[in-house]
Structure formats: structure tokens, C-alpha cells
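Welcome, and please take a moment to look over the sequence and the fold. The notes below are meant as a friendly first tour.

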Amino acid sequence: MVRLLIVLFVLNLMFIGLQLPGAGPVPWVALEALLLVGFFALIPERRWSCRLAWLLGAGYGVLTLLAIASALLVQTLGRPLNLYLDTGLVDKSIHLMLTNLGVSATVLAGVIILGWVAGSAWLVRTLLVRVMRRPPPPTQAWALLGAAFAGLTLVPVNAIPVALGGGELLVRQVTLALETHRATQAFDLQVGTPQAKDLHGGPVMLDRLAGDDVTVGFVESYGISALVDPRYRKTLDRRLSIMDEAFADAGLHVVSGRLRSPVQGGQSWLAHATLLSGLWVDSPLDYEILLSSNYPTLIDDFRHTGHDAVAVMPAITRAWPQGRQLRYSRIYDADRMDYAGPPLNWVTMPDQYTWSWFQRQVREPAQTPVFAELALISSHAPWVPILPVLEDWQTIGRGEVFEPWRNAGEAPASLWRSPERVREHYVQAIDYALAVATEYAVRHLGENALLILLGDHQAAPLVTGQNVSRDVPVHLVSRNPALLTPFVSEREAGLAGFRWGTRPATDIAGVGMDRFRPFLHQYFSTSRPVTSR
């Protein structure tokens, strides 16, 4: 009897351990443990039953791997694993770990995870075989099975604190797959809906911006928590005050607000696609549908007005066919930006170089207005090292000036052992990104130019905490206040919360990023959009 209770206790703990942290109250009893122990107590030890024990052990190992992956995604992207969507993240996750932690630490982490999974599988198999070798009396085995089936009838009404740890994990994946499939079908239909046309049946023209340079700068991990969380508010409140003063001294005007991102912690390209397309793109499947549909985006809108549509993507280090599908006129990835300075862990080059290069190689030689999307990555994890803003932009050149910061700061693997120090580095990285963007605007923003500076998404829950708003700050900067007035005077358009200055409203939640493109159509086109039929 003691042996049976020990086996039951261990299996119960193992299956309870599959519950996702934060998914609800922790149960006391895992019904799988009762079912398995009761069943294996009634069957003889034979070759087939031992193989069944191995099969169930391997199944538990797979469930353990899913539970680990789901827990990691909750901490990094703020949501649990969705197998229907997330298989493509494996390669990106490995690449991120290799860049930040190095080969040795990445291999060690992989060995630990696989060892844990294999060890769990072996332990489940061993416990089940021991039950067969020394089974309890049949009455006790039947009692366990009866208790399990009774628990199954009580689970839906939460009569007692029981759960199907592994079963709920599988049910969750099936449910998510069905929900995602339905959402993807709905998105597919939306992509196929006729586009807004002008009164003459042509594409909507952003003709009120036809002669203006328009730059969209996505600041990595710049979420609203950076401005409202007490841990970060003091540092960034000071930065926003400096920005206000610098813009005023330079004759620049600024309007700030907030928009809701479709993602948190990563997958920045989904936020970019949402803002550009005016569609809510919150999954890789939606992204692929958008790319294959020829659905027009702001890139097309500005190309129709004669802009040179340029993408500056210093984080892109591999082939990026998606950029061609988005129909940029030109794409500058890390290899095409002539950077000769040191890499900074995951960050291929600092934001100050990106801004400097963009001005020298794109803005200054341009013969036509430019529409540019810039990915600003200095505030990307692991947030080490933190660089100063160099005063003399003329010395930046090809980036050799940043050589003193090669291997500066502590290693990411060391920093990330302390969540508190990670948060300190995070806010310093955001402060740097905003400081550099401000310097660029003050130095180089022309008379006919609009700078849209916004976050792509909130940082990971490790930084923000769980269940926070997905809003990101947006700052619109121009020397021409007429370009900014619509954002603060047309609240009925759906962008409530925008106001003059660098501080967005803290008491009004932002609307989705997908509302931004329709807003531009509504207020920067002389022909009111109508829906074609």
C-alpha cells in the first residue's frame, strides 16, 4: 500500500506540474495519475504492457516539452503556446539564443531541456512498470479508477480541486487550433474585401502628404509600461521633458498618443504589418495571407503619391523575400548598410548609426519625397551594452567610432540572472533610443517632413508584468503643425488620446494599430474614400 501511495503521489505531482502557471488555481489531484495507476494495477506485466508504459512515458515527455515551451512563451510573448502558429518560432528562438548567449550556453540549455524531457519519460515508464510488478489488491485498483471517473464528471463544475494536467494541455492546443483556424478564415475574407477607392474609382491618394518626407521609426520594445510603470516612469519622464524642450528650441512640433499592438515581447513584423496594412495581423498565418494577397499597404499608398518607398532593416541578416512581397522600392538590410563597427550582442548596429546612415545614404541624395520604415533595434533584448549618444555625428562614418564598446558591459547570460538589473538596462535602452531619435529630428527633420516614432510592442512580461495593456506610445514630429492638427482635433476618427507634447494620455486606452492607415486616408486625402462594390 505504501509503494502504491508513493507512486500515486509522484505521478500526481508530475501531471499537476503540466498546468500552465497563472492558468487558474493549482489543483490537488491529477486525474491522469489515478487512471494510470488504477489501469496498470489491473493488467499483467507482459511485453505489450511494458511497451505501453514506454509509450505513455514518451507521451508524457512530449507533454513536458509542450509545457516548457508554453511557459517560456508566456514569459516572452505574453501568451501560451499555440502549435498551430508557433512551430516557425523554433528557428528564430535558436538564432536569438545563439546571438545573445553564444553556442556553449545554447547547447547547454538544449541539453538540459532534452535531459529533463527524457528523464520525465523514463520516470513515468518506471513507475508504471513497478505498479504492474507489485499490484495492489483489485479492490484498490478499481477504487482508483472509480475515483478518476467520478472526478471526470465533477471537473466541469469545479466541485473539487481536480484537473486533467496533460489532458487540459492537449485540449487547449486543439481549442487554440480551431479558434486560430476560424480567425484565419475570417482574416482571409477580410483581405479579399474590396478596397477603399476615391470618388473616381482609383486608389485613395494621400495627396496632402505628396510633397512631404514621411518616416516611420519603430522603436523596439517601447511599450506604454515604459511611461506609466513606477519602475521606469522617473527615467522616461525626464527624457520626455528633454524631448519637449529640444523640439521647441528647434522649431519642431510634436503630438503624442497611443496605439494597441497586436503582439507583446516579440514578432515585431506583425505590428509593422498591422500599421502598414490597416488590418489586424496578429499571427504568422495572417501575415502570410497578407503577403500572398497583393493587399495594398501604406507602402503602395505612398508610392502612388510619388514617394520612394524604402525599408531600413538593420536587424535583417538573412534573405527577406517578404520585403519584396510588400513592394518596397528599395530594401536595406544589415549587409547593405556598410556598418564596420562592432556587433552589440543581438543588435547588429546602434540606432545612432542607423539614423546617421539613413540621413546620408537615403534622405540627402533623394530626388523625390521619401517614405521610409526604420527598425530601431538598440532597445532590443538583451539590453546590454548601453551606449552613450555621440555628440559629433560627423565622426560616425561607417561605425568604427563605436569600437570601444565591443564586448562592453557584462555578458547577457550573467545580466539575465537578475530580473531587476534586466529591467534597469531595459529602461536605459529605451532612454537611449528616444535620445538618438530626438537628436536626429532636431538636426535633420526638414520643413516638409513628418516623423512617426512609435513602439512596436510592449516588452516581455518579465519587464512589464503579466496582463498589462498592449498599447505603445506614438510621437508625431514635424515643423509644420498642420500635419499634426488632425491627430488632436478629430477625436471622432477613432484616435482619441492624442495631444500636443511628448506625453500621451494615460487615462485613455489606445485603439488598434490597424486604425492608423484608415485615419491617414480619411484626413490626408482630398478625395473622401468610398467603398467599391
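What follows is a short briefing, grouped by topic.

This is a predicted model, in which local features need pLDDT of at least 70 and side-chain atom pairs count only at pLDDT 80 or more, while totals for chains, interfaces and linings use all residues. Residues are numbered from 1 along each chain as its sequence is written, and side-chain values use heavy atoms, with hydrogens and water left out.

**The nonpolar cores**

- The largest nonpolar core has 112 residues, of which Trp-355, Leu-476 and Phe-487 touch the most other members.
- Helix α16 (residues 419-444) gives the largest share of this core, 12 residues.
- Apart from this core lies another one of 25 residues, including Ala-41, Tyr-60, Leu-66 and Leu-81.
- A nonpolar core here is a set of buried Ala, Val, Leu, Ile, Met, Phe, Trp, Tyr and Cys residues joined through side-chain atoms within 4.5 Å.
- Buried means under 20% relative accessible area, exposed means over 50%, and partly exposed lies in between (1.4 Å probe, protein chains only).
- Leaving aside residues up to four places away in sequence, Trp-355 touches Thr-215, Leu-374, Leu-376, Trp-393, Val-436, Ala-437, Tyr-440, Leu-451 and Leu-453, where contact means heavy atoms within 4.5 Å.
- In soluble globular proteins, nonpolar side chains tend to be buried together.

- Strand β6 (residues 308-313) is mostly covered, with 6 of its 6 residues buried.
- From β6, Asp-308, Val-310 and Val-312 point one way, while Ala-309, Ala-311 and Met-313 point the other way.
- β6 pairs in the parallel sense with strand β8 (residues 370-376) over 5 bridges, and Ala-309 stands opposite Phe-371 in β8.
- β6 also pairs in the parallel sense with strand β7 (residues 330-333), over 4 bridges; here Val-312 has Tyr-332 as its bridge partner.
- Two strands pair if DSSP finds at least two bridges between them; helices (H or I, at least four residues) and strands (E, at least two) are DSSP runs, numbered from the N terminus.

**Salt bridges**

- The whole structure holds 13 salt bridges, each being a side-chain nitrogen of Lys or Arg within 4 Å of a carboxyl oxygen of Asp or Glu.
- Asp-237 and Arg-503 form one of them, with their closest N and O atoms 3.0 Å apart.
- Asp-237 lies in helix α9 (residues 230-249) and Arg-503 in the loop between β11 (499-500) and β12 (511-512), so this pair ties together parts that are 266 residues apart in sequence.
- Asp-237 is partly exposed at 37% relative accessibility, and Arg-503 is partly exposed at 27%.
- Asp-237, Asp-244 and Arg-503 are linked in a network of salt bridges.
- Arg-421 and Glu-410 meet through their side chains in a salt bridge (2.2 Å, N to O).
- Arg-421 lies in helix α16 and Glu-410 in the loop between β8 and α15 (412-415), so the pair ties together parts that are 11 residues apart in sequence.

**A nonpolar patch on the surface**

- Val-103, Val-107 and Val-111 form a nonpolar patch on the surface, with about 270 Å² of accessible area together.
- Patches are made of residues with over 30% relative accessible area and no salt bridge, joining like charges within 9 Å and nonpolar side chains (Val, Leu, Ile, Met, Phe, Trp, Tyr) within 5 Å.
- Accessible areas come from the Shrake-Rupley method with a 1.4 Å probe, and for residues only the protein chains shown count as cover.
- Val-103 sits in helix α5 (residues 89-133) and is exposed, with a relative accessible area of 57%.
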